[in-house]
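Biologist: I'd like to learn how to read a model like this one. Could you take me through it feature by feature?

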Amino acid sequence: MKKRRGWSLVGIPLLVSVISLVGCAGDTGAGAGGAEGKITLYSPETPDMSKEIGQAYEKANPGSKVDVQYGGTNVIVNRLIAEKDRPMGDLWYGGGGFLPFETAKGKGIVTSYKPDFAKDWPVEKNGIRLRDKDWKWVGTEIFVLGFIYNTDQVKKDEVPRTWDDLLDPRWKGKFQMPNPAASGTATLTVMSQMMEMGEEKGWQYFDKLVDQANAFPDSGLAPSQAVAKGEAEIGVAFDFMAYEMKARGEKVDFVVPEKTPILVNPVTLVKDGPNPEGGKAMIDYLLSKEGQEVLAKWYHIPIREDVKSQTPLTLKKVIPHAQKLDVDWAVKNYDRIRNEWRKKFE
C-alpha cells in the first residue's frame, strides 16, 4: 500500500487539433444568427471564461439571454441525471475532454445535433476523436496533455520529452500530477498508458511514477500552481493551463510529449431542454469564427484553422504527437481502473 500524498492528477485534458483535420467547412460557421430568449448553459470551465462566452453570445444575438450555470463536470452530469424528467439546461459545454460526454450518452441526458459547420467531419482523424458517431457531442477546441516546467529551475534541454522520461531520478521529489481518484481526465491519463503498454506494464509504470512525486493534489490545476511557485520543477498539465500562467508573467513553459493524449473539448445538446433551438444556436456560435476567437482568448487551441491560436501550439503542430486512444475500452473500463488506482495508491 503506497502512502497517500495529497492526490491530484492534472485534469489532463487530452486530444488535439482539428485544423488540418477538418478544414474550414463553410467560411464562417453558423455564427451570429441564433434563437432569442433564455438559453441555459451548463459549463465546468472557469467561471470567468464561462461568463464571457455567455456575454459574447448575447452581444452577437440581441434579444437573447444566457444563464450560465457553473459546476464541476461530475456535478453537471449528476444534475442532468437528477433533472432528467424535467430538464432545465439547454446545452453542456466543456469537461476536460470527451470521456465524460461518452459516458453520458447512455444515461439519456444528451441528444443528437449536427452543426452545419461540422457536417463533413469524420468521427476520427489522425488519431483524434472529433465527434460522436451519432452526433451526441462535437469538439469545439483542442486540449493537449503534457508537461509544465519552471523555467528558473529547469533548462529547456532538460525537460522530459516522453512519459518514460518522468521516471528519471532527476525528477524524484520534484514532480507533481493530479489524482485519478479525484479527476476524470486524470483517470484517462492513467488509462492512456495502459492502452500504450498493456495493463500489467502500465501499473508497473505508475508504481514507479508515484514514487517520483512530492504530491498528488486533488485539483487539476494545483500541479501547475506548484510549478509556478517552485514547489515542484515539473508537472502534468494541459497546455492552456501553462500558457495562461506564462501570459501572466509566471516563470513556466510547456512541452508536448512525443506521444500523448490529445483531446477535443466537446459541447452537447441537453435532451428535451426547455429551449432546444437556443441550445443549437449557441452550439453553432461556439463553432463560429467569432465564438472560436473567444475560446482562443483563453489559450485554448481553436478547432477552426481560420482562427489564430494565442499559444505556440496549432493543430498542425500537435497532430503528429497524438496518441491513438481506444475510446470504447476507456468507457468500459473507466470505473474499474479508477477503483484499482484507489486500492493501490490511496
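Biologist: What volume does the largest cavity have?

Modeller: About 30 Å³. Rolling a probe the size of a water molecule over the atoms shows where empty space is left. Here a cavity is a set of points, on a 1 Å grid over the protein atoms alone, where a 1.4 Å probe fits but cannot get out. Points are joined across faces, edges and corners, and the volume is the space filled by probe spheres set on them. The search of the whole structure turns up one cavity of 30 Å³ or more. Keep in mind that this is a predicted model, in which local features need pLDDT of at least 70 and side-chain atom pairs count only at pLDDT 80 or more, while totals for chains, interfaces and linings use all residues. Residues are numbered from 1 along each chain as its sequence is written, and side-chain values use heavy atoms, with hydrogens and water left out.

Biologist: Which residues line the largest cavity?

Modeller: Lining residues have an atom within 4 Å of a point. Among them are Thr-111, Tyr-113, Trp-135, Trp-137 and Ile-283. Strand S12 (residues 262-270) gives the most, with three residues; strands are DSSP runs of E, at least two residues, and helices are runs of H or I, at least four, numbered from the N terminus.

Biologist: Trp-137 is in that lining. Which ring does Trp-137 stack with?

Modeller: A pair of aromatic rings is described by the distance of the centres and the angle of the planes. Rings of Phe, Tyr and Trp (its six-membered ring) pair if their centres lie within 6.5 Å; planes under 30 degrees apart are stacked, over 60 edge-to-face, and the rest tilted. That rule gives 14 aromatic pairs. Trp-137 partners Phe-98: the centres are 5.5 Å apart and the planes at 10°, so this pair is stacked. Phe-98 sits in the loop between strand S3 (91-93) and helix H4 (99-104), and Trp-137 in the loop between strand S6 (128-129) and strand S7 (138-150), so the pair ties together parts 39 residues apart in sequence.

Biologist: Where does a charge sit over a ring?

Modeller: The test is NZ of Lys or CZ of Arg within 6 Å of the ring centre and within 35 degrees of the ring normal. The charged end of Arg-131 sits over the ring of Trp-135, 3.9 Å from its centre. Lys-344 has its charged end over the ring of Trp-203, 5.1 Å from the centre.

Biologist: Where is helix H12 kinked?

Modeller: The bend at a residue is the angle between axes fitted to the seven residues ending there and the seven starting there. H12 (residues 327-345) has a kink of about 60°, centred on Asn-333. Asn-333 is one of the buried residues of H12, which also include Tyr-334 and Trp-341.

Biologist: Last one: what is phi of Asp-272?

Modeller: Most residues other than glycine have a negative phi. Asp-272 has a positive value, near 60°. Asp-272 is in the loop between S12 and helix H9 (276-287) and is exposed, at 59% relative accessible area.

Key
Buried < 20%, exposed > 50% of the residue type's maximum accessible area, 1.4 Å probe, protein only. 1 Å grid on protein atoms, 1.4 Å probe; cavity = no way out; pocket = protein on both sides within 12 Å on 5 of 7 lines; lining within 4 Å.
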